Amino acid sequence: MQKSAPIDLATHPLTSWKGPHGLPDFTAFDDAAFAPVFDAALTAHEAEITKIASSPEAPDIANTLVALELAGEALSRVSAIFWCRAGAHTNETIQELEREISPRMARHVSAIFMNEALFARIDRLYQDRETLGLDTETSRVLEKTWKRFVRGGAQLDQNKKDRLAAINEDLAGLGAQFGQNVLADESGWALFLEERDLDGLSEALKSSMAEAAEERGEKERYAATLSRSIAEPFLASSERRDLREKVFKAFAKRGENGGKTDNTDVIARTLKLRSEKARLLGYESYAALKLDDTMAKSPEAVQDLLQPVWQKAREKAAEDEKDLARLAAREGQNQPIAPWDWRYYAEKRRAERFAFDEAALKPYLVLDNVIAAAFDVAHRLFNLTFEELKEVPAWHEDVRTFAVRNPDGTTRGLFLADYFNRPSKRSGAWMSALQSGYRLGEGKSPIIYNVMNFAKPPKGRPALLSVDEARTLFHEFGHALHGLLSDVTWPSISGTSVSRDFVELPSQLFEHWFTVPGVLRKFALHHETGEPMPQDLVEKMRAARTFDAGFATVEFTASALVDMAFHSLAEAPDDPLRFEAETLAKLGMPDAIAMRHRTPHFLHVFAGDGYSAGYYSYMWSEVLDADAFRAFEEKGDPFDPETAEKLRRYIYSAGGSADPEDLYRAFRGRMPTPEAMMEKKGLS
């Protein structure tokens, strides 16, 4: 049997990026290439770590901290491409390797953090930090590195190190399994309908459902799928209550089907392992561990934020439910409002109160125009320009690539965008990086991407967005700007490498500019006539901004409270779904509203560790973003140059180079109170 040739990481297309504009050449490798390159890249990184740890020279910033930051470039590159594919365009081969590589990567990272010789060098630098004459950024990187090693188990005895490494490995495998189970449930379910079943649906939604059916081999039919871009508008407009019920129940039961993709056991095992990990590291709960390095600091501080909002939202939702019941009774429905009724009657209530519905806005929210609006705002705030690069291959034919230019015309970085839903893509919307931008060593320019799940229109037809989808595009592009504008030396604090409850500030803040009147006048143009959105419709949309705020805040805050309840326990519950139900009952969760993310498909929290004990961070950041936009309102100009420059310097460009409270104070002069957020939500 012929032995395969060794991998040359210096020339392999997965690790030596020779594609157009410094991108990977996505045409130069296939799925089978990932496994051997991972093998070679892991081995190379292990050798680099051994060299740093075993150096005979006394530790200094260059031979230890700098060397550690720059080590593992090949592994970073193959990982960046692989995890992009795993989320945005997966298949059985990718998923099989994901199940294998997730625990292996966890084992690799644990070995680095538990390397005694390496930690001894980091610890020596940390203990001597006051005498080293470090600049502020380097001092912060050293402190964060030392804390990461400690939280990674560096100070544990060998038995506890071994156990922590095993826990991390198991958790990584469970996270991969959880995400794949949800994707299987989402992509594997569709309700095929005929024309007679579509009463109440807009033409745009019908077109998207026809496209979804054709993708699944059902021409001349329509598919209600579990993509949020189809499921939610279907629930809001279908006149068939029986069909709304079917779609809602399938949507709510993702990950909880009693079959091979059921996540119940995955959740229970994950929670138990997280609790054990916290105890090993000396924390009372997993929430205490995760919040130790955040703005909130403690579960109690999170509860202080969430509980008042929860009470006000629940009261508002109870008032609104009475109004919905009135509308339902007028149509002859005498049953209590069910979760599959809420959006439907809320749209009727919106039409009654504001004389328009969401469908009236869609013809004016053309995807290409909303993209252009986001780019225009970035130009007016930060002097960036965007040039689309045609015929640049990426991980899927739908991906679009843009060069991002500085004011002097030089290239700042690349932005890639993957907008449309498909069965090979996990749900939701997100930002990530193929490459972060930093100055250390030879430096790197950022290569940032956004992934969405908008319904794809039939060929030749424009993609039309809802208001929520347009805001989502602005939200994720705000994250992208956080990566693109990063202006730091060290890779580990570049871009979005900030505390979890600060990372949503740049994204949520950027959403505000979507409804700035001048932006709407220029870009909210009818897809057929090119006419701008009529002023009366703009005013109705703005007046309806906080419409149904009780519902939206209840479904979100319930998810955040359940997340925090799970992870604030010293011992994990034996039956997580019963615990979920009991927690909601104690909170007084309205029967007519469901959590935005029920536990069996709560990807933020269980498909990896990103937002575990951290879903509250969207609301924490919302306190900041509401106050931050007021800085522009106080100037009377949403593009005030002086305020925009401070925003760029202290929020979008600073990365994790300083404490987030210090950065916010530098921008605003003070920390905010929750009042602006409550007013923004319509709950004050």
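Colleague: Which helix do Tyr 664 and Phe 667 both lie in?
Modeller: This is a predicted model: local features need pLDDT of at least 70, side-chain atom pairs count only at pLDDT 80 or more, and totals for chains, interfaces and linings use all residues. Numbering starts from 1 along each chain as its sequence is written, and side-chain values use heavy atoms, with hydrogens and water left out. Helices (H or I, at least four residues) and strands (E, at least two) are DSSP runs, numbered from the N terminus. Tyr 664 and Phe 667 sit 3 residues apart, about one turn, in helix α26 (residues 660-668).

Colleague: How many aromatic pairs does the structure hold?
Modeller: Rings of Phe, Tyr and Trp (its six-membered ring) pair if their centres lie within 6.5 Å; planes under 30 degrees apart are stacked, over 60 edge-to-face, the rest tilted. The number of aromatic pairs is 40.

Colleague: How do Phe 26 and Phe 29 pair: stacked, edge-to-face or tilted?
Modeller: The ring centres of Phe 26 and Phe 29 are 6.0 Å apart. Their planes make an angle of 50 degrees, so the pair falls between the two cut-offs. It is tilted.

Colleague: What is the angle between the planes of Tyr 664 and Phe 667?
Modeller: This pair is edge-to-face, with 6.1 Å from centre to centre. The angle is 75 degrees.

Colleague: Is Tyr 664 buried or exposed?
Modeller: Buried means under 20% relative accessible area, exposed over 50%, partly exposed in between (1.4 Å probe, protein chains only). Tyr 664 has a relative accessible area of 0%, so it counts as buried.

Colleague: Which residue in β4 is the bridge partner of Phe 386?
Modeller: Two strands pair if DSSP finds at least two bridges between them. Strand β3 (residues 385-389) and strand β4 (residues 400-405) have 5 bridges and pair in the antiparallel sense. The partner of Phe 386 is Val 404.

Colleague: Which residue in β5 stands opposite Val 404?
Modeller: β4 also runs antiparallel to β5 (residues 411-420), joined by 6 bridges. Opposite Val 404 stands Gly 413.
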